[in-house]
Amino acid sequence: MGSKNVRKIQEVIHGGDGWNKCWEQGLTPWDIGRPTPVLVDLLEKGGLPKGRALVPGCGTLFSSLPNANCFKFLLGDFFSWRPTELFDLIFDYTFFCAIEPSMRPAWASQVRDMLKPDGELITLMFPIGDCEGGPPYNVSLDTYEEVLHPMGFRAISVEDNELAIGPRKAFLRPGMLSAVQKH
């Protein structure tokens, strides 16, 4: 998804009906119709924490998959939802860049409040530095750190995402940030 596609998405979102119009017009380069390769790789290598996981803004729902009974899909407001149990893992996959920058501290607070004390946040970062406005909005490692550090998170890994899918390789150094809360 190059800057031309980013601008097209922004035009559709701001033209009325927002994200719904993007889905109707098929302007969903973030939704690849299957698990992202980096998540599959982490799972196969045992690099994901065991237990409950949350993927906010997960996109289309695949209730017909053979293991669909292992998943629960919820439609709701991420910022006001209060889960009955905390999570071992939150996997943010382009959700952060879709929210208004003024909401990012609330995102970090909500992530902190939904994770177990030793829980882990994994977020795929797709630095967008050449676009005005949003969504998607400009992001960088500093953008994440500005909101996560005050919440008690520390980075345990920041690495290039060699498994980024084609449309995302157009971005400068798509990466992955793993962070954990202080114990």
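How many helices and strands make up the secondary structure of the protein? The count comes to 5 helices and 5 strands, where a helix is a DSSP run of H or I with at least four residues, a strand is a run of E with at least two, and both are numbered from the N terminus. Going along the sequence, the pattern reads α-α-α-β-β-α-β-α-β-β. The model is predicted, with local features needing pLDDT of at least 70 and side-chain atom pairs counting only at pLDDT 80 or more, while totals for chains, interfaces and linings use all residues. Residues are numbered from 1 along each chain as its sequence is written, and side-chain values use heavy atoms, with hydrogens and water left out.

Now for the protein as a whole. Of its 183 residues, 41% are buried; that label means under 20% relative accessible area, with exposed being over 50% and partly exposed in between (1.4 Å probe, protein chains only).

Next come the rings. The whole structure holds 7 aromatic pairs, meaning rings of Phe, Tyr and Trp (its six-membered ring) with centres within 6.5 Å; planes under 30 degrees apart are stacked, over 60 edge-to-face, and the rest tilted. F78 and F79 make an edge-to-face pair, because their ring centres are 5.2 Å apart and their planes stand at 85 degrees. F78 is buried at 9% relative accessible area, whereas F79, at 22%, counts as partly exposed. F78 also pairs edge-to-face with F95, at 5.1 Å centre to centre and 70 degrees between the planes. Since F78 lies in the loop between strand 1 (53–54) and strand 2 (87–93), and F95 in the loop between strand 2 and helix 4 (104–114), this pair ties together parts 17 residues apart in sequence. F95 is buried too, at 15%. Through these ring pairs, F78, F79 and F95 are linked into a cluster.

Another ring has a charge over it: R52 lies over the face of F87, 4.3 Å from the ring centre (the rule asks for NZ of Lys or CZ of Arg within 6 Å of the centre and within 35 degrees of the ring normal).

Finally, helix 5 (residues 141–148) has T143, Y144, V147 and L148 as its buried residues. They sit on the same side of helix 5, because they cover an arc of only 115 degrees around the axis, taken from the directions from the helix axis to the C-beta atoms.
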